[in-house]
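I opened the notebook to keep track of what I looked up in this structure, entry by entry.

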Amino acid sequence: GIANPMTSPAVQIDRLTHRYGARTALHELSLTVQPGEIVALLGPNGSGKTTLFRILSTLVPPQDGNARVFGLDLSTQRDEVRRKLGIVFQSPSLDKQLTAVENLRYHGHLYGLQGAELNSRIADLLSRVDLTDRARERVSGFSGGMRRRVELAKGLLNRPNLLLLDEPSTGLDPVARADLWRYLEEV
């Protein structure tokens with residue numbers, strides 16, 4: 001049947017298994033995340049966190065088991081899932097020769113955003129991550145924490161239904177880390 005995205009779990013994983021050759025990265029993982037929930041996955045290197053992130057972000061299709069985002073099957077409806085996602089990767093994806101505004105503008109264009117709507121979203125997000133006064137400076141002059149905040153704004157630009165963050169507080173000092181968590185609770 002067709003799931004109703006308004007009543008479906010944000011993430012529904014049932015017996016998800018993923019292998020790399022003979023090595024099992026995920027073994028029959030089942031997990032449900034409801035809309036509005038914040039879930040953190042903690043574990044040592046090699047415990048499957050990155051594999052799960054890659055599956056949920058549609059970079060890798062599920063091998064065995066079932067994975068859905070707002071009722072959409074990650075195996076067969078990847079394009080529809082992508083429209084609902086905001087993703088902040090562990091590795092930086094900013095163009096350091098561009099300003100914060102330019103990085104966000106080009107990202108917005110990927111989602112078909114433009115004009116006043118895009119400019120409004122950019123201004124709002126840069127304000128929320130406390131970078132309004134640095135908006136027109138090249139990212140190359142930013143600290144690691146400031147770059148991370150631009151990355152977060154980028155992940156939120158399309159107003160995603162599900163935000164996936166890989167190592168979100170990497171490079172953030174304790175104050176910036178607390179600000180990030182406070183902001184995530186707001187959105």
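Does glycine 108 count as buried or exposed, and at what relative accessibility? I found that glycine 108 counts as buried because its relative accessibility is 0%, where buried means under 20% relative accessible area, exposed over 50% and partly exposed in between, with a 1.4 Å probe and protein chains only.

Before going further I noted that this is a predicted model, in which local features need pLDDT of at least 70 and side-chain atom pairs count only at pLDDT 80 or more, while totals for chains, interfaces and linings use all residues. I also noted that residues are numbered from 1 along each chain as its sequence is written, and that side-chain values use heavy atoms, with hydrogens and water left out.

I placed glycine 108 in helix H3 (residues 100-110); helices (H or I, at least four residues) and strands (E, at least two) are DSSP runs numbered from the N terminus. Leaving aside neighbours within four places in sequence, I listed Leu113, Leu118 and Leu157 as contacts of glycine 108, contact meaning heavy atoms within 4.5 Å.

Next I turned to the strands, where two strands pair if DSSP finds at least two bridges between them. E1 and E2 run antiparallel and are joined by seven bridges, one of which I traced from leucine 16 to leucine 29 in E2. The two strands form a hairpin with two residues between them, and glycine 21 in the turn has a positive phi of about 65 degrees. E1 also pairs with strand E3 (residues 64-69), in the antiparallel sense over five bridges, and there valine 11 has valine 69 as its bridge partner.

I then looked up the pockets, a pocket being an open set of points on a 1 Å grid over the protein atoms alone, where a 1.4 Å probe fits, with protein on both sides within 12 Å along at least five of seven lines; lining residues have an atom within 4 Å of a point. The largest pocket has a volume of about 1,300 Å³, volume being the space filled by probe spheres set on the points, which are joined across faces, edges and corners. Its lining has 49 residues, with Ile38, Val39, Leu163, Leu164 and Leu165 nearest the centre, and H1 gives the largest share, six residues.

For the second largest pocket I noted a volume of about 290 Å³. Of its 17 lining residues, Arg128, Val129, Arg149, Asp179 and Leu180 are the closest to the centre, and the largest share, seven residues, comes from H6.
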